Amino acid sequence: MKKIKKYMHWILLSPYLTLFIIFILLPIIVAIYLSFTYFNAIQPPRWVGLQNYIDLFTRDEIFMQKVLPNTIKFSLIVGPGGYILSFVLAWLVAQLTKIPRTIFALILYSPSLTAGVTMAVVWRVLFNGDQQGYLNALLLRLGFIDKPIQWLQSPEYLLTIMIIVSLWSSMGVGFLAMLAGILNVDETLYEAAYIDGIKNRLQEVIYITIPAMKPQMLFGAVMSIVQTFTTAGIGVALSGTNPTPQYAGQLIVNHIEDYGFLRYEMGYAAAVSVVLLIIIYLFSRIAWKLFGES
Amino acid sequence: MRKKAIFILLILSILAFSSNSTFLTYTIGQNNKWKITQDAYLVSEVILEDAGLYYPEDMYLKDGKLYIADSGNARILVYDLKTRKISEIGAWSLFTPTGVFVDNNYIYVADVGLSEIVIFDKNGNEIKTIGKPKSILFGQYTKFKPRKIVVDKRGNLYIVSEGSLDGIIQLDRNGEFLGYFGANKVRITALDKFIDLFYSKEQKERLLTRAPKPYYNLAIDNKGLIYTITQKEHGDAIKKHNTLGNNILYLSRLESMVDEGNFVDITVDNDGRIYALTETGLIYEYDQEGNLIFSFGGRAILYDKNGLFSVASAIEVDDEGRVYVLDREKGLVQIFNPTIYATKIHKALNLYIQGKYIESKSIWEDVLKYDGYSSIIHNGLGKAYFQEGNYKEAALHFKVAYSKREYSEAYWEIRNQFLQKNMKVIIILLFVIFVLFEVGGRILKKKGIRLKIKIRNKLLSDILYLKNLIRHPIDSFYYLRKSTHGSILSATIIYALFVLVVTFDYMGRSFIFNLNTSERSVGYVVFSAIVPIFLWIFSNYLVSSINEGRGTLKNIYIFTAYSTAPYIIFQPFIILLTYVLTYNESFLISFGSFFIISWTFIVLFIGVKETHDYELKGTIGSIIYSIVWILVIILVFSIVYMLWDQIVETVYGIIQEVLYRVR
């Protein structure tokens with residue numbers, strides 16, 4: 001009896017643990033194992049050591065010249081940008097009374113819900129390549145351009161458009177968490193702070209709101225990091241081609257899909273995903289450093 | 001060894017430059033500047049001096065015969081270069097021939113006076129004339145004043161018509177109007193847009209002439225591509241058109257060609273090299289991408305010399321690379337023969353285009369002996385090395401040639417090779433460091449040991465206080481104001497650090513990312529870093545002291561120094577990064593710099609707010625007033641600077657006067 005009691009918590013944990021191991025831990029371990037092999041999904045994996053990683057950083061010119069710079073640029077702007085944007089908007093929305101607040105929150109949250117539909121209805125119409133596209137029509141009428149620009153097919157514009165669209169739809173779960181966090185801050189704290197000499201809203205935000213909602217800030221930060229690095233479909237959805245024109249909108253996940261599901265070089269694709277995992281882990285560490293409870 | 005070689009080169013070049021040519025050949029050398037190079041062309045002959053040419057406008061070379069549109073005499077003069085015989089065409093039917101073109105069967109003459117194209121056969125018999133197109137598309141009131149003409153292999157006519165803004169007129173062999181070809185674009189700037197907002201319709205019609213610039217002359221190469229020149233353009237005066245009329249000359253599209261605004265004629269040789277002639281007699285030779293190879297010739301100012309011109313009007317080039325230039329004023333043709341130097345460069349360029357990189361390399365190396373600093377040579381040599389896979393040498397030559405983009409590509413390959421060799425070690429090393437950090441950190445935490453060095457020295461700890469500005473700017477500024485940290489001395493040292501970082505940012509970046517500041521001196525950079533800061537301190541003090549700011553002059557001096565913290569701490573990393581990155585990753589540099597500089601300004605903003613204990617509105621107001629003050633100070637200073645002489649004179653005069661009265 002005593003023995004059973006000793007292991008009781010494991011028994012209680014077991015449903016979660018089995019699911020966690022089967023669906024999360026095991027795939028990660030398998031992926032890390034596969035990243036050291038050559039595996040084409042037909043023959044059994046063949047051990048090649050670090051070769052996949054060496055190839056990734058030295059031989060894969062598309063990865064080094066297009067994919068990595070694209071991903072860094074995309075996530076450096078969309079990650080912090082979207083994060084700041086969702087905090088600012090959450091804070092603004094939190095200032096409203098209940099009913100308008102709910103309506104606005106819903107409106108701001110909807111882009112991330114309806115991404116696929118709005119992509120077709122809003123953005124592809126706006127950036128249409130012929131002179132009927134809204135942006136082209138506007139610029140033509142103003143006389144800035146003399147012939148329509150193929151916004152979504154030209155390599156020099158695609159990434160910028162992807163960034164704009166992603167920023168617009170970045171008010172996702174992180175936004176909701178932050179909104180909840182801001183609303184949950186104890187009102188008495190503000191009153192106490194005002195007695196202690198806080199004078200304006202900016203100080204209020206910096207001294208009370210942000211420290212009080214650190215957990216939500218952390219959650220939002222991690223969510224936005226993971227989200228930006230794992231974004232894949234947007235370039236393909238906008239340009240309508242895979243790979244995107246001259247790899248202009250190719251992000252890491254596109255690259256993984258390219259190698260994994262088009263070329264069936266599973267081992268190589270696994271290596272790329274491990275690198276992605278490490279990148280995300282490193283950035284999450286930074287987020288922990290900034291907002292984590294020590 | 002190398003030094004010796006350079007020395008010999010120098011002597012050689014001195015010997016060569018003392019040639020008896022009457023004009024100099026220029027090329028682009030180091031730092032994209034003009035430099036004198038070996039003679040590329042020498043005048044071998046002057047012909048047609050006694051042919052009575054009177055204001056000849058155009059010239060065409062075909063099958064060893066020069067066809068000259070002798071406008072003043074209303075004829076086409078044909079000069080056989082072999083037999084040296086002169087004959088005449090169209091003396092009875094032409095009025096003012098200004099353009100001539102010859103294909104295998106016919107001679108086409110554009111006559112402005114007649115407003116017609118007149119076509120002759122090779123014997124000089126008039127076949128037919130083509131007048132103004134009757135098509136409605138051409139326009140009933142559009143004028144047809146053909147000045148220059150070329151004809152493609154299908155017999156389509158391309159005509160530059162005087163005052164035509166729509167582009168080149170394209171007619172088929174029967175004179176039917178096919179359309180306009182590749183018109184120049186009108187550039188509307190933001191200023192134009194701004195003016196548009198205020199002008200009425202009538203004013204616009206009267207005052208604004210936003211017409212595209214007309215083409216001045218044109219040429220056709222053996223592939224049937226049309227080349228045009230536009231006057232008063234810079235960077236894209238020369239254009240190469242595809243069949244749609246779009247410009248496909250690489251450098252011209254970037255508007256970064258070395259060209260002149262007064263080109264009058266253009267011609268293309270069989271290898272695709274472009275020769276353009278200015279009215280003043282300068283000849284510019286370009287390679288197929290639009291890079292300048294040579295510039296030679298010039299204007300005869302005081303007395304006539306071979307190779308110089310009074311007013312040049314037409315240029316032609318033959319299969320052997322001889323260049324024929326027509327002088328309109330003097331009515332003669334000068335023939336330039338390419339020297340061995342030029343012939344070798346041409347050969348190397350051709351070999352490179354044919355993909356024979358190794359052969360081209362040996363010639364480039366040979367040519368390098370003639371001129372060690374010409375950028376076209378180093379560029380060619382670099383490209384040859386690049387294709388050969390010798391990236392290190394390629395990078396060296398690209399650096400001399402100042403071709404940043406190519407250098408970046410070569411550098412990318414060098415870096416790639418390095419990574420390929422050492423990747424295994426790097427991956428393992430990174431992993432080991434990572435594990436060490438993680439495990440070490442855990443152990444230290446467990447044992448409760450905290451690594452912290454206590455700094456006793458007040459000055460040092462004041463300077464190191466910079467790092468607190470990164471995480472807690474607001475609190476730090478509070479303590480700075482309360483004088484628990486920071487002093488005049490520490491602030492001064494921080495200013496020195498700031499100036500140091502700025503100087504390195506300007507001067508110390510790698511070749512790829514340097515800011516083209518080779519002409520600027522260190523003094524200039526230091527000056528331009530210090531002056532705005534002191535202007536800011538001064539004007540912010542003035543503004544805040546009347547605006548209820550709490551900060552004293554000392555406070556302002558100190559907080560401004562500490563607000564540069566992000567720049568001082570992080571910009572050095574960006575500068576170091578420029579040494580490992582290429583254009584591929586240039587985004588990181590520009591984004592990083594932008595981020596750090598905006599961060600610095602945000603810290604400065606917070607500093608103003610905390611030091612003077614302002615509200616948000618007061619802060620913005622204070623900053624705006626300070627900036628206005630800075631501008632006022634600069635304005636006053638520049639006025640004083642300009643009137644300095646006057647002031648000195650006045651003061652001197654007053655003193656003189658006083659002295660005089662006293663006596």
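This is a predicted model: local features need pLDDT of at least 70, side-chain atom pairs count only at pLDDT 80 or more; totals for chains, interfaces and linings use all residues.
The axes cross at roughly 110° and come within 9 Å. H17 covers residues 586-612 of chain B, and H18 covers residues 616-642 of chain B. The crossing of the two helices is right-handed. On the H17(B) side, the contact is made by Phe605(B), Val608(B), Lys609(B) and His612(B). H18(B) contributes Thr619(B), Ser622(B) and Ile623(B). By class, the residues of this contact divide into three nonpolar, three polar and one charged.

Chain B is divided into three parts by the domain assignment. Domain 1 is made of two segments, 22-36 and 345-452. Domain 2 spans 41-338. Domain 3 spans 458-645.

Domains 1 and 2 of chain B touch each other. Their centres, taken over C-alpha atoms, are separated by 41 Å. The contact involves 12 residues of domain 1 of chain B and 18 residues of domain 2 of chain B. On the domain 1 side, two elements give two or more residues each: strand S1 (25-28) and helix H5 (340-353) of chain B. H5(B) gives the most to this side, with five residues. The side of domain 1 of chain B that touches domain 2 of chain B holds seven nonpolar residues, five polar residues and no charged residues.

A further element of chain B is an open sheet of four strands. The strand order is S8-S9-S10-S11, and the pairing is antiparallel. Strand S8 (97-102) and strand S11 (126-130) of chain B stand at the edges. Each has a single partner strand, so one side of each is left without a neighbour in the sheet. Neighbouring strands of the sheet are turned by 20° against each other on average, direction ignored. Strand S10 of chain B, residues 116-121, pairs with S11(B) in the antiparallel sense over four bridges. Within this pairing, Phe120(B) has Glu126(B) of S11(B) as its bridge partner.

Notes. Residues are numbered from 1 along each chain as its sequence is written. Chains are lettered from A and ligands numbered from 1 in the order in which they are written. Two strands pair if DSSP finds at least two bridges between them. Axes are lines fitted to C-alpha atoms, for helices over the stretch in contact, and angles run from 0 to 180 degrees between N-to-C directions. A crossing is left-handed if the near helix is turned anticlockwise from the far one by less than a right angle, and right-handed if clockwise. Two residues are in contact if their C-beta atoms, placed from the backbone, lie within 7 Å. Ala, Val, Leu, Ile, Met, Phe, Trp, Tyr, Cys and Pro count as nonpolar, Asp, Glu, Lys and Arg as charged, and the others, Gly among them, as polar. Domain bounds come from an automatic or database domain assignment.
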